[in-house]
Amino acid sequence: MDRLKTIVKALDDKRAEDIDVLDISELTSLGDYFVICSCNSNVQVRACADEAEEKMKEIGFAPVHVEGYRGGSWILLDFNDIIVHVMDKQTREFYSLERLWDDAKKLDIEIE
């Protein structure tokens, strides 16, 4: 849970919106959690992804894979069991991951 809090706080610090945490552990072997958020611009998408990556590195967890950084409308950070999707609003609306994973349990992560 501490790693999820670290990610959610990092995204919140950069003003990401509609941050959702989905427990996908019983639905797939891709990972245990999806963290999904929306941003207002490609610049903000990159800033949020950078902040999440930096804060996770500070506690000893580097992503095993990063995808989409160059395009900037959807950056995926793969921390093995936690997969972070940082998207601009239009991309998030179009792909609607929450709808695709509607069987996943939505978690409420409290940050200080």
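Before we zoom in, here is a handy definition: a residue is buried under 20% relative accessible area, exposed over 50%, and partly exposed in between, using a 1.4 Å probe and protein chains only. This is a predicted model, where local features need pLDDT of at least 70, side-chain atom pairs count only at pLDDT 80 or more, and totals for chains, interfaces and linings use all residues. Residues are numbered from 1 along each chain as its sequence is written, and side-chain values use heavy atoms, with hydrogens and water left out.

**View 1. R15 in the loop between α1 and β1.** Helices (H or I, at least four residues) and strands (E, at least two) are DSSP runs, numbered from the N terminus. Because its relative accessibility is 62%, R15 counts as exposed. Its phi is near 70 degrees, a positive value in a residue other than glycine. Most residues other than glycine have a negative phi.

**View 2. Strand β1 beside strand β2.** Two strands pair if DSSP finds at least two bridges between them. Here β1 (residues 17–23) and β2 (residues 33–39) pair in the antiparallel sense, over 5 bridges. Look for V21, which stands opposite V35 in β2.

**View 3. Strand β1 beside strand β6.** β1 also pairs with β6 (residues 105–107), in the antiparallel sense over 3 bridges. In this view, L22 stands opposite K106 in β6.

**View 4. N80 in the loop between β4 and β5.** N80 is not a glycine, although its phi is positive, about 70 degrees. N80 counts as exposed because its relative accessibility is 52%.
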